[in-house]
Amino acid sequence: VTFDTNFNITLQHRTALRAGEEPRCMSWQLMGTEGHWTPSGCTHVGGDTLHSICACNHFSAFAILTAINPITDSFALTVVTYVGMSVSLVCLFLAIVTFLLCHSLWSVSITLHLQLSICLFA
């Protein structure tokens, strides 16, 4: 339910904010069967180190999330993530092929490892 006017919500911090921490008002948004925190519909309008005041235009589950440094995407981290995942998937695929082609190795343990590998690959 979205409203035409904003209403204020005061949230208490679990610990006092430290220097450099920036509180952000967030609400829980469901999309299908999954959800995520989103800043849409809520803005931080005041408060102190122990409380934050958020102005929101809808009902939801609200929280204060803090970050010491601004959140930015690192290109190097993105590259390492994609390269690492690619290498892992190739090795997992090779393990599955090895389990399927080496019938002389078949045992209950190998069968369980094959099933686990297939689950991880899917």
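I began with Glu21, which counts as buried at 15% relative accessibility. Buried means under 20% relative accessible area, exposed over 50%, and partly exposed in between, with a 1.4 Å probe and protein chains only.

I noted that this is a predicted model, where local features need pLDDT of at least 70, side-chain atom pairs count only at pLDDT 80 or more, and totals for chains, interfaces and linings use all residues. Residues are numbered from 1 along each chain as its sequence is written, and side-chain values use heavy atoms, with hydrogens and water left out.

Next I looked up salt bridges (a side-chain nitrogen of Lys or Arg within 4 Å of a carboxyl oxygen of Asp or Glu). I found 2 of them in the structure. Glu21 pairs with Arg18 at 3.0 Å, N to O. Arg18 is exposed, at 56% relative accessible area. Glu22 pairs with Arg24, with 3.9 Å between the closest N and O atoms. Glu22 is partly exposed at 44%, and Arg24 is partly exposed at 38%.

Then I turned to Ser117. Is Ser117 buried or exposed? Its relative accessible area is 9%, so I wrote it down as buried. I noted that Ser117 touches Leu92, Ile96 and Phe99, leaving aside residues up to four places away in sequence; contact means heavy atoms within 4.5 Å. The side chain of Ser117 also reaches the backbone oxygen of His113 at 2.9 Å.

Last, I checked the domains, whose bounds come from an automatic or database domain assignment. Domain 1 covers 2-67 and domain 2 covers 75-120. Their centres, taken over C-alpha atoms, are 42 Å apart.

Key: A polar contact is a pair of N or O atoms within 3.5 Å; within protein, one must be able to donate a hydrogen and the other to accept it, and residues adjacent in sequence count only if both atoms are side-chain atoms.
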